[in-house]
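Student: I'd like to learn how to read a protein interface and a strand. Could you walk me through them?

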Amino acid sequence: MRIRRCLQIVAELHHERHLDLALALRGQVVWRDMQTWQLRGVHLDGAVAVESAGLAVLQQVPALEWMQWQDLSVQEQDSLQPLLKAGLVYTDMDEHAAVAAAEDAFADQYWHPLSAIYHRHSRWQHADTVQAMERSGTRTAQELREVLGSAPPPAWVERGDSTKLESLPRSGDSPLEQLFAARVTCRNFDQESSLPLPVLATVLEWVFASRGHENVCEDTVFLKRSSPSGGGLHPLEAYVWAQRVEGLPAGLYHYRCIDHALAPMGEPEVSLLQALAGQDWFAQAPVVVVLTARFARNFWKYREHAKAYRALLLEAGHFSQSLYLAATEQGMGAWVTCAVNEALFEQALGLEPMSEGVLAVCGLGQRGDVMDVMELDPAGAIWQPASL
Amino acid sequence: MIDRYKAVDSRVRRCWSFVCEPVDLFSLDMVGLISGGGQPLLVRELKWNVLAAHLDAPVLLEPEQLELLVGVDRDEWVALSSLSESVCFLVEIGLLIKEADDGGFSQRDQQLREGRWWTPAAVLHAQSRWQGMDSIQELAERGMDRLDGLIDALGVPPPSGNADGVVHQLPAAENSSLEILLSRRVSCRNFDGDAYVDIEQLSSVLWSGLGERAAMLHASGARFSKKGCPSAGGLHPVEAYLMLRNVRGMADGLYHYQADKHRLLSLTSKQEVCRQMAMRWVAGQYWFADAQVLVVLAPRFDRLLWKYQKHLKAYRAATLDVGHLSQAMYLSATENGLGCFVTAAINEIDIENDICLQPFGDGPMAIFGFGVRSQEMCVAELDPDSKIWKSV
């Protein structure tokens, strides 16, 4: 049997304070800082904790070639068991074929190593942010301020020379300006009504449709969309999770930006509320749009590029802003969140997270008549002061 | 070297935030080469690539050096004289922090101690920053600054979306003033650097996404702004720093935008703003360097992480915020008849130096630029529908 190490592993020291039990028995309170290494790989979710001995034996195993299992001491072989089990090292036996295949596939994807680790490990699976907020008593801004114990750093800072202030003229009104002014994140949807299909179609077309394309050659096409994209590659995809749309069966759809059409992907097997990490005010939206990135298309140009992942997140932000404005123009409320259980959306959409990953999730629909959940609308753009 | 440290009886502790990756390096086995004994001639040597959030570049360590590093406490200061002489190297490169050093290691390390970052995000942020990079020259050297060369070098990109399966055709969208702006959004790579932007245009573009339209005041004095863009936790941590050249009624220079008062503050800069500085900021992308206004979008991490302490997704949320702002300004600049662009291929470190920012205070993530379009398209723009450029 031969063994090798996965190419991309990141180790981080994890610190925990422990009471020294021996001294505690003698009545002394002494805290000890316990250090363990947390190992993260690009094929596994979550970190694997090892002691420094585990790290030492990891060093023995090469990544770019195989080594003979029997060249390791029995002690080293024992220390490697947790790493084998986690899939940070693998053998040429059948039981590790999946890790070997994942390792091969990853090598062809041109991920920047640290971005890959960041992406993989900033995903959630079973988080419930609302429960977490309730547990920590931070559901309102008021509670948050109390629990965190300090005021947030100020809303703005005064940089530069205060004696040389240049006040800018207030900008005039325009149709666009009216949309910005009326943009208020919606947390109160009308749960009775369905979204008319033309409204959904309009928002999708404005935000995500291809508005033309340039064929460089037969197999190389660049799309024009209403948001900019790094290298003009437009690797972002939009999936529609329809809950209540007039004239469209509920279910999951892939938006075909070339055809301005929806391709059904069946009924979701996971709960939307769970996928939205318990944010029930968002889960009531009649339509949810999942923004994903097909990494290979961006990384085709930006290979192992330290900023490529940042550029993809920026693109998701552009789409989300357009969606907000488009929904507002159509008289709808909208939201965006990245506090989601990516792993559940991946499961619903059948995505492999390092090939196509969830970056953000948006929603839109008709507002309810009453503000049950707080929305930030100090100007009264949406809600009349009386209804607060 | 050790005497220098001992002479002042320095104390050290380990830096706060780092990760490390095992790396296999291969070297020629000179002994084997000479003896010719038929043994493999390449010898594997394992090193640890240490990526620290307070340093701008990775450092390669021997396993023994890593062991030394983690053997030093990260909280308590210890006398350098009590440690093995080999730690001097770790002090030199800044992985061990000297108390009261003037070199800046301790200051940046202290920021991270107070900064509530999730370590992988801090390291990714710190080490994805550039300094002095000319991204275009590098591409040009590889013949990849033109699409043909790019495809020659890289092959064909994966396709845009797939096209099989049963589909529901959607009705065509309505027209509206928003739709007209969305359809006219074309990233500008041809600016007329001699022309002027009006202050009303500058005002309008900044106001669209960045201006505070209303605010909710909390009893504690905490303030939550309402802006034209959404922001995680309503915190709106993104600051805007501007380089102005040829804006009517404004002196050329560096400015900070104050969202609440909708006004600009002059920043003192070590040097005059000029095209060369702009070129440095946009990493050599000369087609952007003549824009009259460059807006550096830089989240203030202390404000964001006040709420999202050690949060896995906080960095993502901040990046999305920057994206929202950029799209808002794209549409506003388009409405104002100006050309605009956004780029993340920027020299963050040079920008930090030019406007005196701490990298873990306000972190430049992108530059949004706008200005007057040229009459002629010299650098190609993607405008397949001829919305901006009349087809010839």
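Tutor: Here is a short walk through the interface and then some strands.

Tutor: First, the ground rules: this is a predicted model, where local features need pLDDT of at least 70, side-chain atom pairs count only at pLDDT 80 or more, and totals for chains, interfaces and linings use all residues. Residues are numbered from 1 along each chain as its sequence is written, chains are lettered from A and ligands numbered from 1 in the order in which they are written, and side-chain values use heavy atoms, with hydrogens and water left out.

Student: How many residues does the contact take from chain B and from chain A?

Tutor: Chain B gives 136 residues and chain A gives 139 residues, where contact means heavy atoms within 4.5 Å.

Student: And what about area?

Tutor: The size of an interface is often given as the accessible area lost when the parts come together. Here chain B and chain A bury about 12000 Å² between them, with 62% of it on carbon and sulfur atoms; buried area is the accessible area (1.4 Å probe) that two parts lose on being put together, summed over both. On the chain B side, Leu170(B), Trp306(B) and Arg316(B) lose the most area to chain A, together 7% of what that side buries.

Student: How many salt bridges does the rule find across the interface of chain B and chain A?

Tutor: The rule finds eight, taking a salt bridge as a side-chain nitrogen of Lys or Arg within 4 Å of a carboxyl oxygen of Asp or Glu. One of them joins Arg211(A) and Glu179(B), at 3.1 Å from N to O. As for where chain B touches chain A, helix α13(B) (residues 314–335) supplies the largest share of its side, 15 residues; helices (H or I, at least four residues) and strands (E, at least two) are DSSP runs, numbered from the N terminus.

Student: Now strands. Is β11(A) buried or exposed?

Tutor: In a regular strand the side chains alternate between the two faces of the sheet. Seven of the seven residues of β11(A) (residues 236–242) are buried, so this strand is largely enclosed by the rest of the structure. Buried means under 20% relative accessible area, with a 1.4 Å probe and protein chains only. Leu236(A), Ala238(A), Val240(A) and Ala242(A) lie on one side, and Glu237(A), Tyr239(A) and Trp241(A) on the other.

Student: Which strands does β11(A) join?

Tutor: Two strands pair if DSSP finds at least two bridges between them. Seven bridges link β11(A) antiparallel to β15(A) (residues 287–294), where Val240(A) stands opposite Val289(A). Four bridges link β11(A) to β13(A) (residues 251–256), also antiparallel, and there Trp241(A) has Leu252(A) as its bridge partner.

Key: Buried means under 20% relative accessible area, exposed over 50%, partly exposed in between (1.4 Å probe, protein chains only).
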